[in-house]
Amino acid sequence: MSKYTIGIDLGGTTMTAGLVDESYQIVGKVTWATRLPRPAEDLEQALADLCRTVAKNAGVSFADVRYVGIGTPGSVNFTTGFVGYNTNFGYYDWNLGPDLEALLGCKVYVENDANAAAFGEYIAGGAKGCKDAVVITLGTGIGSGIILGGKILRGFNFAAGEMGHTVIVKGGRPCNCGRRGCWERYASSRALSEDAREAVCKNPESLMLKLAGGDANRMNAKIPFDAMAAGDETARAVVNNWIEYVACGIANVVNTFEPEVICIGGGVSNQGETLLAPIRAYVEEETKNITTGKMPAIRACELTNDAGVIGAAALATSI
Ligand SMILES: [Zn+2]
């Protein structure tokens with residue numbers, strides 16, 4: 001049996017295909033612009049060309065590729081390969097899996113991009129070798145992927161694992177999912193930059209405003225950490241408050257799944273122990289009577305850009 005599979009990380013700006021070997025190493029990679037908006041059939045043809053190109057460039061016959069896996073934004077029916085709704089692309093009822101199978105003549109698995117990236121981290125990154133793992137990505141929102149016993153937790157209609165939309169403040173900040181007080185409204189990196197922006201409006205002497213070039217609207221999630229490191233007390237208060245919200249949701253993850261490891265990704269995870277050490281301390285304190293003192297590991301994601309490709313290339317094992 002061939003040792004190669006292809007994983008595709010399909011995004012709104014770029015699409016990357018990786019040829020992946022049996023030890024989940026990427027042996028070839030090609031990235032093209034997604035070039036939206038374009039008709040779905042046109043994009044499918046480009047995806048098929050992308051697959052053939054990545055194999056050809058690596059000197060591998062496409063006939064030797066066992067299957068293709070794709071991580072895409074949108075609500076995905078993993079069983080049928082059908083993408084119900086994709087806001088980024090403007091497609092409704094996209095028959096991606098079957099269409100691409102017809103174009104390529106091989107099996108195609110389609111998964112939600114957050115799940116595919118989490119699965120990559122599980123297969124070859126920070127959660128490698130664990131039985132149960134939860135991957136939390138702190139970005140504009142909070143993405144999460146839950147892998148239990150080597151299988152992605154999908155839910156009966158493929159909407160499971162939305163930890164970002166669990167409520168941690170009843171009646172709290174409005175969320176675009178329709179609820180109030182969702183975890184991602186307090187603990188995403190966007191929430192951190194919003195908190196920082198609000199803080200500098202009240203405390204314009206804060207170093208954070210200077211680091212944002214004097215314009216609060218140019219705040220980002222790195223500035224509060226940089227200002228805190230330089231001794232800014234307003235930044236310290238903002239960061240500590242935000243970290244408590246991150247940790248509150250992670251304690252919920254621990255009490256729900258008790259995974260061996262929780263991996264934290266997103267740009268803010270570059271803060272390393274400055275972020276992780278206080279999270280561990282808070283989570284340990286909050287969960288000690290439930291976990292009887294044996295804490296899941298909490299660490300940063302390792303794969304960054306390649307997680308989506310590797311996870312998609314491994315999808316056949318995720319069922
Ligand atoms: Zn929500």
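Along the chain, the donors of the zinc ion follow the spacing H-x9-C-x1-C-x4-C. In this predicted model, local features need pLDDT of at least 70 and side-chain atom pairs count only at pLDDT 80 or more, while totals for chains, interfaces and linings use all residues. Residues are numbered from 1 along each chain as its sequence is written, and side-chain values use heavy atoms, without hydrogens and water.

The protein donors are H165 (ND1), C175 (SG), C177 (SG) and C182 (SG), at 2.0 to 2.4 Å from the zinc ion. Donors here are N, O and S atoms within 2.8 Å of the metal (3.2 Å for Na, K and Ca). The arrangement is tetrahedral because the four donor atoms subtend angles of 102 to 123° around the zinc ion; four donors count as tetrahedral if all angles lie between 85 and 135 degrees. C182 counts as buried at 0% relative accessibility, whereas C177, at 39%, counts as partly exposed (buried means under 20% relative accessible area, exposed over 50%, partly exposed in between, with a 1.4 Å probe and protein chains only).

Elsewhere there is an open sheet of five strands, ordered β3-β2-β1-β4-β8 with mixed pairing. Strands are DSSP runs of E with at least two residues, helices runs of H or I with at least four, numbered from the N terminus; two strands pair if DSSP finds at least two bridges between them. β3 (26-33) and β8 (107-112) each have a single partner strand, so one side of each lacks a neighbour in the sheet.

Strands β1 (residues 4-10) and β4 (residues 65-72) run parallel and are joined by five bridges. G7 stands opposite G69 in β4.

Methods. Tetrahedral: all angles 85-135°; square planar, octahedral: opposite > 155°, others 65-115°.
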